[in-house]
Amino acid sequence: MTITRNLATWDRAARFVLGALLIVLAAMGTIGLWGYIGAVFVATAFMNFCPIYRVFGLKTCTDC
């Protein structure tokens, strides 16, 4: 299985912001340990690839 880009720039930015926010809130003890799931959002933003999108055949980018 090849990792091919399937995220648009806006999608990557949203994932990064949401993921970072979840991590910060979890580190502060505001939302509990489940907030560290934000690491998955940050990782997919950096990889420019979402495995769930691939399973369902989705892409948010127009040029990939």
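1. Disulfide geometry. In this predicted model, the S-S torsion between Cys 61 and Cys 64 comes out at about 50 degrees, so the disulfide is right-handed. The two sulfur atoms sit 1.6 Å apart, and the structure holds 1 disulfide in total. Cys 61 is buried at 10% relative accessibility, while Cys 64 is partly exposed at 33%.

2. The other cysteine to look at. Cys 50 is buried, with a relative accessibility of 6%. Its closest cysteine sulfur belongs to Cys 61, and at 12 Å that is too far for a bond; the cut-off for a disulfide is 2.5 Å.

3. You'll find 1 aromatic pair here. Phe 16 and Phe 46 have ring centres 5.8 Å apart and planes at 85 degrees, so they meet edge-to-face. The pair links distant parts of the chain, with Phe 16 in helix 1 (residues 9–27) and Phe 46 in helix 2 (residues 38–47), 30 residues apart. As for cover, Phe 16 is partly exposed at 39% relative accessible area, whereas Phe 46 counts as exposed at 59%.

4. Charge over a ring. Have a look at Arg 15 too: its charged end sits over the ring of Tyr 53, 5.0 Å from the ring centre.

5. Phe 56 is exposed, with a relative accessible area of 62%.

Key. Residues are numbered from 1 along each chain as its sequence is written. This is a predicted model: local features need pLDDT of at least 70, side-chain atom pairs count only at pLDDT 80 or more; totals for chains, interfaces and linings use all residues. Side-chain values use heavy atoms; hydrogens and water are left out. Buried means under 20% relative accessible area, exposed over 50%, partly exposed in between (1.4 Å probe, protein chains only). Rings of Phe, Tyr and Trp (its six-membered ring) pair if their centres lie within 6.5 Å; planes under 30 degrees apart count as stacked, over 60 as edge-to-face and the rest as tilted. Helices (H or I, at least four residues) and strands (E, at least two) are DSSP runs, numbered from the N terminus. A charge sits over a ring if NZ of Lys or CZ of Arg is within 6 Å of the ring centre and within 35 degrees of the ring normal.
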